[in-house]
Amino acid sequence: MLRIAVQSKGRLFDDTMNLLAEADIKVSSGRRTLLVQSQNFPLEVLYLRDDDIPQSVASGVADIGVVGENEFVERGEDAKIISRLGFSKCRLSLAIPKDINYQGLAWFNGKKIATSYPNILQHFMEQHNINAEIHVITGSVEISPGIGLADGIFDIVSSGSTLVSNNLSEVEVVMQSEALLIGNKNMSQEKREILEQMLFRFKAVKDAEDKKYVRMNAPKARLQEIISVLPGLKSPTIIPLADDDWCSVHTVLDQKRFWEIIGKLKEMGAQGILVTPIEKMIL
Ligand SMILES: Nc1ncnc2c1ncn2[C@@H]1O[C@H](COP(=O)(O)OP(=O)(O)OP(=O)(O)O)[C@@H](O)[C@H]1O
Ligand SMILES: O=P(O)(O)OC[C@H]1O[C@H](OP(=O)(O)OP(=O)(O)O)[C@H](O)[C@@H]1O
Ligand SMILES: [Mg+2]
């Protein structure tokens, strides 16, 4: 049995549970139960506060965990990054009251900065030879300049609307962050095998993202032309039709090039084009 640490509530919870669900790993999200076993996969979910996830994975209380890169770097715990999950994208930035005429990092010398990420900030300040006072608070960081608690802040920014509503402007982006799947460095062989199975499923879901399964009827006379514009996995599947002059062509198209390719296919005489989403794809 593999044990995964998942944020019990908050921004990472939904996307993590969706990822498991898409991989057909069933887990009831009994929010009051802290440890829940999957009904159909050798996985148990340990619900924790995200701050505690890096340590729980490093110490082996959990084998793997999903946590924001910001939190993982801040904690400096000894665990490895297994994969980047692509959700909860944000950045850690320095921001100051918007009416200040900011000329560069030197502004922060002798200033007080409020943050929940003192280690990352400290490291950044040392790298740039800035001497600022770091004031640690665990939440509502953006309010601190407004109430005279600090001169600037160092916090998570995504859309930037929290900064705007607190009259702050972002002056330096220090790091980019996304959700990470992290793992204990000394997992048993048995656990590593379960993890491989899980990653295989995640990949199948990810590979199917933004892909469409497309079927169409094509005039045989123009079949080669039609095939030449289709990327497909290997080559498209060609199926005969009752009418000898026509055949059915099945292929997989990338969402990004979808309309461009469909346009060409229509010009080449393709008809009855059917488009369906793909749930999983094993390459
Ligand atoms: N606005 C945002 N947009 C995108 N990702 C975000 C945003 N805010 C936070 N995150 C990411 O999601 C993670 C979890 O955020 P969340 O707000 O749920 O936790 P938290 O702020 O640490 O929790 P709490 O508010 O209970 O202390 C963060 O560590 C960060 O990686
Ligand atoms: O740039 P934005 O899109 O406005 O997002 C940034 C805000 O989002 C997060 O707070 P959250 O909403 O998670 O509230 P919290 O303070 O409870 O963590 C983060 O701490 C910022 O305050
Ligand atoms: Mg938050």
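Mentor: Start with contact: two residues are in contact if their C-beta atoms, placed from the backbone, lie within 7 Å. Keep in mind that this model is predicted.

Trainee: Which elements do the buried residues of H4 pack against?

Mentor: The partners are helix H3 (69-75), E6, strand E7 (112-115), strand E8 (133-136), E9 and strand E10 (168-177).

Trainee: Which residues of helix H4 are buried?

Mentor: Helix H4 spans residues 118-127, and its buried residues are Ile120, Leu121, Phe124 and Met125. Buried calls for 20 or more other C-beta atoms within 10 Å.

Trainee: What does the face of H4 turned away from its buried side carry?

Mentor: That face has the exposed residues Glu126 and Gln127. After H4 comes Asn129, with a positive phi near 55 degrees.

Trainee: How do you know that the buried residues of H1 line one face?

Mentor: First, the residues: Leu12, Thr16, Leu19 and Leu20 are the buried ones of H1. Down the axis of H1 they fall within an arc of 95 degrees, so they line one face of the helix.

Trainee: What covers the buried residues of H1?

Mentor: The cover includes strand E1 (2-7), strand E4 (64-68), strand E11 (179-183) and helix H6 (189-208). H1 is followed by Asp24, whose phi is positive, near 60 degrees.

Trainee: Where is Cys90 found, and which residues does Cys90 touch?

Mentor: Cys90 belongs to strand E6 (residues 90-97). Leaving out residues up to four places away in sequence, Cys90 touches Ile156, Val157, Ser158 and Ser177. Gly68 is 22 residues from Cys90 in sequence, and their C-alpha atoms are 9.1 Å apart.

Trainee: Which residues come nearest to ligand 1?

Mentor: Of 14 residues around ligand 1, Gly10, Arg11, Gly68, Cys90 and Ser158 come nearest. Helix H1 (11-22) and H3 are the elements that give two or more residues to this shell. By class, the shell has 3 nonpolar, 7 polar and 4 charged residues.

Trainee: Which domains does the shell around ligand 1 draw at least three residues from?

Mentor: Both domain 1 (2-87 + 179-207) and domain 2 (90-177) supply at least three residues each. The chain also has domain 3 (210-277). The centres of domain 2 and domain 3, over C-alpha atoms, are 53 Å apart.

Trainee: What makes up the shell around ligand 2, by class?

Mentor: The shell around ligand 2 has 2 nonpolar, 6 polar and 3 charged residues. Among the residues around ligand 2 are Arg11, Glu142, Asp155, Ile156 and Val157. Strand E9 (152-157) and helix H5 (161-165) each give two or more residues. E9 gives the most, with 3 residues.

Trainee: What feature does UniProt place at residues 49-203?

Mentor: An unreviewed UniProt entry gives "domain: ATP phosphoribosyltransferase catalytic" there. Over residues 49-203 the chain is 28% helix and 30% strand. The end C-alpha atoms of that stretch are 27 Å apart.

Definitions and conventions
Residues numbered from 1 in each chain as written. Chains lettered and ligands numbered in written order. Predicted model: local features only at pLDDT ≥ 70, side-chain atom pairs only at ≥ 80, totals over all residues. Helix = DSSP H or I, 4+ residues; strand = E, 2+ residues; numbered from the N terminus. Near = placed C-beta within 6 Å. Nonpolar A, V, L, I, M, F, W, Y, C, P; charged D, E, K, R; others polar. Buried ≥ 20, exposed ≤ 12 C-beta atoms within 10 Å, placed from the backbone. Domains from an automatic or database assignment. UniProt positions renumbered as here; feature names shortened; annotations may be inferred. Arc of directions from axis to C-beta.
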